[in-house]
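Hello,

Here is the structure I promised to pass on. Have a look at it first, and my notes follow below.

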Amino acid sequence: LFKLDNDTQEFKNIHIKSNEIRDALGPYFVSIKQAPDNKYWVGTLGGIIVCKSLEDIGKGDFEWHYSVLTDQTSLVDNLVSTLYFDPTGILWIGTEDGLDKYDPNKNHFIFNKDISKFIGGKAPRIRGFAKTYDNKIIAATRHNGLFIKENEKFVPLLNMQKDVSSIYTDDGQIFYCGLWNGKVWVYNYLNNQSREINVGFTQVPISAIKKINDHEIVIGSFGNGVNKFVLDGFSNFTNKSVLMDVGNIHKIITDSLNNIWFATQDGVVRHNPASETDTIYSSHINKNEGLPHNNVSDIIFDKSGKLWAATRSGLSYFDQAKNTFVPTTIYGQLGNKWTTDLLLDSVGSLWLNVNNNTVARINPITDAYSIFSVNSGNRLDYFSSHGFYSSGKSNTYIAGKNGVLYFSPDNMRDNR
């Protein structure tokens, strides 16, 4: 690499001092481009180097990206013959072994494999997240119990060979873990004690749990409907009553009028405890009204009180004036996409876990939206439908196929 000295009108060699790095990069600088942030990207026979100024290369002050066979997020090949930044900011990389790309605005997803270290290198099956009262994240796994994030690493919290299907807490102290055998495992985080409770279901997973007030709790199953109990202490369930005797329940929430809403595989159900009546909302022949699909995996109220439903065929919201759900049609690429989870962040944005490698952010007030493809940073192709959790102002967690992904909503940037 040479630089023209304007004073002498002579080219001067920018010499890399390290023999090891110089040998690894090879004898040729093949391509060079300046990024929108003014950094320089230089293609070589040994990968890509990135620097603030080209003079920094001689000093060894640069980032070096190269191909690693065991790392799917590394360059596909080291011989970089051409570089191109498109108008959206994505860098397209021509290599000896084909086309690669780097998206600086979508590479915000951090992949964590800590849990696999404790289960023989196997991929954990994560069934949900919850937060303790002292702001630590708990991950519930299918076969290996509970893990907790300590000092930026997930470590075992409690196992006891429980096969967890869901997790819920309202105070960060008592955690209600649904089990695949139809029971509830209640864990007291304060004293590290737990108890397994029979809640009236037989060999069906507990898929949703919600305390509707200080003394009552509602338990939803995948197959046998919903039961309600009176809480006597943290682990005594009494006075069982059946709210639904059949149905696959995905989510349970309440509104300001104390109605209980259920996301089910057959639509959305609103239960009025005062009158003990149910209203069922489902898809319509008229595609302009009703749910876009009866399989509803999640429901949530935004900060304005609007109710949103995630379905197998896209997103919809509840129109109170018409007393029906209305499919959304203004979110472009999100139309008809299977959305598995919904959550709100600290500023009121609605986040969607879109099957199978995408998350999206919607502003419910302005209807502005952004789509983030996670596989551009980690090349994963599957998220769990029971693992999408916001820890408040810091990170949002996603249950991936091989571990936990997390990102900071405040740091997400849109392509321009």
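**A patch on the surface**

F2, L4 and F11 make up a nonpolar surface patch, and their accessible area together is about 340 Å². Patches here are built from residues with over 30% relative accessible area and no salt bridge, with nonpolar side chains (Val, Leu, Ile, Met, Phe, Trp, Tyr) joined within 5 Å and like charges within 9 Å. A salt bridge is a side-chain nitrogen of Lys or Arg within 4 Å of a carboxyl oxygen of Asp or Glu. The areas come from the Shrake-Rupley method with a 1.4 Å probe, and for residues only the protein chains shown count as cover.

Before going further: this is a predicted model, where local features need pLDDT of at least 70 and side-chain atom pairs count only at pLDDT 80 or more, while totals for chains, interfaces and linings use all residues. Residues are numbered from 1 along each chain as its sequence is written, and side-chain values use heavy atoms, leaving out hydrogens and water.

F2 belongs to strand β1 (residues 2–5); strands (E, at least two residues) are DSSP runs, numbered from the N terminus. F2 counts as exposed because its relative accessibility is 55%; the cut-offs are over 50% for exposed, under 20% for buried and partly exposed in between (1.4 Å probe, protein chains only).

**The cores**

A nonpolar core is a set of buried Ala, Val, Leu, Ile, Met, Phe, Trp, Tyr and Cys residues joined through side-chain atoms within 4.5 Å. The largest one has 16 residues, and Y176, V184, V199, I209, I217, I219 and F237 touch the most other members. Strands giving two or more residues to this core include β16 (174–179), β19 (206–211) and β20 (216–223). Apart from this core lies another, of 14 residues, with L146, V164, C177 and W185 among them.

**Paired strands**

Two strands pair if DSSP finds at least two bridges between them. L146 also turns up here, opposite L158 in β14. Strands β13 (residues 146–150) and β14 (residues 153–158) are antiparallel, with 5 bridges. They form a hairpin with 2 residues between them, and N151 in the turn has a positive phi of about 50°.

Strand β23 (residues 247–254) is mostly covered, with 6 of its 8 residues buried. β23 runs antiparallel to β20, joined by 2 bridges, and also antiparallel to β24 (residues 260–264), joined by 5 bridges. I252 has F262 in β24 as its bridge partner. The β23–β24 hairpin has 5 residues between its strands, and N258 in the turn has a positive phi of about 70°.

Best wishes

Definitions and conventions
Helix = DSSP H or I, 4+ residues; strand = E, 2+ residues; numbered from the N terminus.
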